[in-house]
Amino acid sequence: QVEGVEVDLESIRLKNDEKNRAAPPLKADPVDQRDIMQKQYLTFKVQKHKYPDPVLKPGQLGNFELKEPEPEGVPGGPGEGAKAYVLGPEYKDAIQASIKEFGFNMVVSDMISLDRTISDLRHDECKYWHYDENLLTSSVIIVFHNEGWSTLMRTVHSVIKRTPRRYLAEIVLIDDFSNKAHLKERLEDYIKQWNGLVKLFRNERREGLIQARSIGAKKATVGQVLIYLDAHCEVGPNWYAPLIAPITNDRTVCTVPLIDYIDGNDYTVEPQQGGDEDGFARGAWDWSMLWKRVPLSSKEKAKRKHKTEAYRSPAMAGGLFAIERDFFFELKLYDPGLQIWGGENFEISYKIWQCGGQLLFVPCSRVGHIYRLQGWQGNPPPAHVGSSPTLKNYVRVVEVWWDDYKDYFYASRPETKALAYGDISELKTFREEHNCKSFKWFMEEIAYDVPLHYPLPPRNVDWGEVRGFETNYCIDSMGRTNGGHLEMGPCHRMGGNQLFRLNEANQLMQYDQCLTRRADDSKVIIAHCKLDEYKEWKYFKDLHRFTYMPTSQCLDRSEVLHQVFIADCATSKSTQKWEMNNILAV
Ligand code: UD2
Ligand code: MN
């Protein structure tokens with residue numbers, strides 16, 4: 001157990017208020033102020049604190065480094081120093097059951113001290129940075145839903161143990177409607193040992209991690225900075241100062257620690273894969289919006305004097321970051337329309353960059369995160385949320401922030417075009433009012449390396465129904481995929497199986513399927529295709545013709561049997577005349 005520390009929360013709060021009030025008043029009259037606000041993105045509230053920059057003094061241990069090794073939880077005990085802890089076969093069933101329930105091996109975790117030491121994975125250089133001691137204070141916010149006890153509490157213990165007390169204003173736990181017994185009275189009793197430093201709030205319904213984090217921001221009123229952690233983390237040696245120093249200097253900077261990989265079976269801690277030779281990566285995405293890490297680019301490397309300096313990242317993974325409280329509120333927290341899980345990491349990243357802030361990854365601040373193991377049964381979304389909340393979240397994010405680039409998302413996930421994603425007008429207004437920059441600017445200035453790793457998928461050049469010219473018959477997949485053949489059907493103007501698109505790469509597509517033919521059969525079929533497959537079609541609008549380029553033949557149809565096939569081109573044949581028409585009934 002960690003020794004309780006007496007703390008006067010009221011005086012910290014008063015001090016914060018004092019600091020906030022000490023901000024230089026704007027000189028202009030109210031009308032001019034509004035003008036300034038509109039011209040300067042979010043800079044209307046920016047006051048660069050005049051704190052000295054961190055300095056690297058090789059050979060001279062940093063002022064925030066421990067002079068002696070930190071105390072062990074249980075000297076020589078299980079998992080100390082992040083050594084692998086493995087149990088015998090008699091525990092197999094219990095372990096399997098815990099993985100199914102929590103995603104981690106809770107049997108082993110429960111045996112490891114909540115105050116264990118972990119290995120110091122930092123680059124040696126990190127130990128020689130000196131930081132100004134007037135760092136901002138922080139509220140650490142942890143949202144959780146049905147998490148295991150010891151992994152949750154080890155997160156809390158590690159924060160208390162490894163954060164200098166004068167900067168740790170509070171730890172705010174947001175229980176997102178858990179129903180496990182150990183998260184009820186037991187939790188309430190346990191946190192009493194910290195005399196109010198650790199607070200617990202409970203959601204009255206399942207909000208999902210995204211809205212739970214926004215709720216956490218409102219509940220956390222003591223610290224100047226909000227630090228978010230997942231409920232299964234362990235912060236590393238001297239994680240605080242490097243993470244907070246950049247925010248202390250510029251309050252529109254949001255920082256992310258280097259996230260290490262804690263093995264959910266044996267609780268070893270390793271650097272994550274996928275970075276450069278130093279293990280450094282930038283946060284990125286593919287065009288279907290899956291989270292990716294790409295090695296730190298040489299352009300970013302060139303910006304730094306020392307290799308352990310913070311560097312810019314286009315996006316964050318989502319769970320672990322620090323942001324100045326007022327700045328987060330100015331950004332309007334997360335989009336209130338994002339539900340449960342996913343996409344919020346991109347929303348906040350784009351909002352920060354496009355609206356005048358910065359997102360930095362901080363190599364000297366390291367925090368371990370336990371990744372869920374295979375076999376976890378997961379947390380199904382609650383009944384009051386409709387289907388596919390994550391996909392809807394993605395659509396909201398691209399609709400608000402991606403401008404024309406959203407076509408690349410829809411080209412990758414055409415099935416999301418039909419999702420009802422709700423009202424986004426308030427977000428669009430926010431974007432306008434804050435003069436947030438375009439996604440094109442963002443791609444060119446900040447995320448320039450993302451397309452090098454994840455090439456832009458071809459955009460659509462035409463889409464709609466493919467109608468036999470001057471007929472009421474349209475090409476119809478009849479829902480067939482993966483090699484099924486096409487037919488003609490009465491045009492229904494409802495899209496669906498009659499909705500096709502032709503892209504810049506000459507693919508004629510429906511969902512993730514391309515039109516093509518087999519070598520031995522002239523029938524047109526529909527087959528799954530990758531970015532570089534079946535680039536075979538040209539549409540000549542004026543000639544009303546679809547040319548099948550591999551054989552220089554034409555798309556054709558039979559009047560009676562409603563077949564669709566490829567035949568030698570003949571201008572006289574009316575069955576080879578088509579129009580692609582996107583005036584649909586919906
Ligand atoms: C990653 C992020 C996570 C979040 C997510 C996308 C990291 C290391 N993790 O997935 O923070 O951004 O991507 O949305 O970057 N929780 C709730 N209510 C829920 C579901 C989850 O409170 O309905 C809690 C959960 O207990 C945990 C946190 O939210 O503390 C994140 O969930 P996760 O750990 O399942 O997400 P993860 O790490 O797979
Ligand atoms: Mn997590």
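**Rings and charges in the model**

F439 is buried, at a relative accessible area of 0%; buried means under 20% relative accessible area, exposed over 50%, and partly exposed in between, using a 1.4 Å probe and protein chains only. The model is a predicted one, in which local features need pLDDT of at least 70 and side-chain atom pairs count only at pLDDT 80 or more, while totals for chains, interfaces and linings use all residues. Residues are numbered from 1 along each chain as its sequence is written, chains are lettered from A and ligands numbered from 1 in the order in which they are written, and side-chain values use heavy atoms, leaving out hydrogens and water.

Aromatic pairs come next. Across the whole structure, a search finds 33 of these pairs. Rings of Phe, Tyr and Trp (its six-membered ring) pair if their centres lie within 6.5 Å, and planes under 30 degrees apart count as stacked, over 60 as edge-to-face and the rest as tilted. The ring centres of F64 and Y131 are 6.1 Å apart and the planes stand at 75 degrees, so this pair is edge-to-face. F64 is in the loop between β1 (55-56) and α3 (92-102), and Y131 is in the loop between β2 (129-130) and β3 (138-144), 67 residues apart. Helices (H or I, at least four residues) and strands (E, at least two) are DSSP runs, numbered from the N terminus. F64 and Y131 are both buried.

F439 has a partner in Y405: their ring centres are 5.2 Å apart with planes at 65 degrees, so this pair is edge-to-face. Y405 lies in the loop between α12 (389-401) and α13 (406-412) and F439 in helix α15 (residues 439-445), so the pair ties together parts that are 34 residues apart in sequence. Y405 is buried, with a relative accessible area of 15%. Both rings belong to one aromatic cluster, whose members include W285, W402 and F442.

Charged side chains form 37 salt bridges in the structure, each a side-chain nitrogen of Lys or Arg within 4 Å of a carboxyl oxygen of Asp or Glu. In one of them, E188 and R202 meet at 2.6 Å, N to O. E188 is in helix α6 (residues 185-190) and R202 in strand β5 (residues 198-202), 14 residues apart. E188 is partly exposed at 36% relative accessibility, and R202 is partly exposed at 31%.
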